[in-house]
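Student: I'd like to learn how to read a structure like this one. Could we go through it together?
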Amino acid sequence: HEGYRVVLLDDAPPLNELSLAVDRLHIAAVVLVSAQAERSELMRRQLPRLAEQLAIPVCLAGPVTRIRAADLENSGLETLGEDPVQSASRLGPLLSH
């Protein structure tokens, strides 16, 4: 997306280490992308806890947003949709706050 630097992590660090990466890299938002349903524990507890701990938006994109829609409703996570282009356009307003 124009105006933003994107840092792709081949292997995502453990969730408890993401806050260190956020601080070190001066990240404005965390965007997690998945095409899988992912574990219930991750979707219902771990990711919402991460969203509470970080002072930046924690976003989820990809098919997981449709697959786990019910779990994401009151999770504190921002859902960006399945389509990468649409996801990028939805991210912009979150970063301008």
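Predicted model: local features only at pLDDT ≥ 70, side-chain atom pairs only at ≥ 80, totals over all residues.

Student: Which residue forms a salt bridge with Glu82?

Tutor: The general idea goes like this: side chains of opposite charge can pair when their charged atoms come close. Here the partner is Arg66, and the closest N and O atoms are 2.8 Å apart. Arg66 belongs to helix H3 (residues 64–67) and Glu82 to the loop between S3 and H5, so the pair ties together parts that are 16 residues apart in sequence. Arg66 itself is exposed, at 52% relative accessible area.

Student: How many salt bridges are there by this rule?

Tutor: The count is 4. One of them joins Arg45 to Glu41, with 3.0 Å between the closest N and O atoms. Both residues are in helix H2 (residues 40–53), and because they are 4 residues apart there, about one helical turn separates them. Arg45 is partly exposed, with 49% relative accessible area, and Glu41 is partly exposed as well, with 34%.

Student: And what about Arg44: which side chain does it meet in a salt bridge?

Tutor: That would be Asp71, at 2.9 Å from N to O. Since Arg44 lies in helix H2 and Asp71 in helix H4 (residues 69–72), this pair ties together parts that are 27 residues apart in sequence. Asp71 counts as buried, at 18% relative accessibility. There's also a network of salt bridges here, linking Arg44, Arg68 and Asp71.

Student: On to the sheet. What is the order of its strands, and is the pairing parallel or antiparallel?

Tutor: In general, strands of a sheet pair through backbone hydrogen bonds, and the pairing is either parallel or antiparallel. In this model you have an open sheet of 3 strands in the order S1-S2-S3, and the pairing is parallel. Strand S1 (30–33) and strand S3 (78–81) stand at the edges with a single partner strand each, so one side of each has no neighbour in the sheet. From one strand to the next, the twist averages 25 degrees.

Student: How many bridges join S1 to S2?

Tutor: There are 4 bridges between S1 and S2, and Val31 has Cys59 as its bridge partner in S2. On to the other pair: S2 (residues 58–61) is joined to S3 by 3 bridges. Cys59 turns up again here, with Glu78 as its bridge partner in S3.

Student: Which way do the side chains of S2 point?

Tutor: Val58 and Leu60 point one way, Cys59 and Ala61 the other way, and all are buried.

Student: Which helix lies across the strands?

Tutor: Helix H5 (residues 84–95) lies across S1, S2 and S3, and runs at about 150 degrees to S3.

Student: One last thing: which residues form a nonpolar patch on the surface?

Tutor: Val7, Leu9 and Leu25 do, with about 230 Å² of accessible area together. Val7 sits in the segment before helix H1 (15–25), and at 40% relative accessibility Val7 counts as partly exposed.

Definitions and conventions. Residues numbered from 1 in each chain as written. Heavy atoms only, no water. Pairing = 2+ DSSP bridges. Helix = DSSP H or I, 4+ residues; strand = E, 2+ residues; numbered from the N terminus. Axes fitted to C-alpha atoms, helices over the stretch in contact; angles between N-to-C directions. Contact = heavy atoms within 4.5 Å. Patch = residues over 30% accessible without salt bridge, like charges linked within 9 Å, V, L, I, M, F, W, Y side chains within 5 Å. Areas by Shrake-Rupley, 256 points an atom, 1.4 Å probe, with all protein chains shown as cover. Buried < 20%, exposed > 50% of the residue type's maximum accessible area, 1.4 Å probe, protein only.
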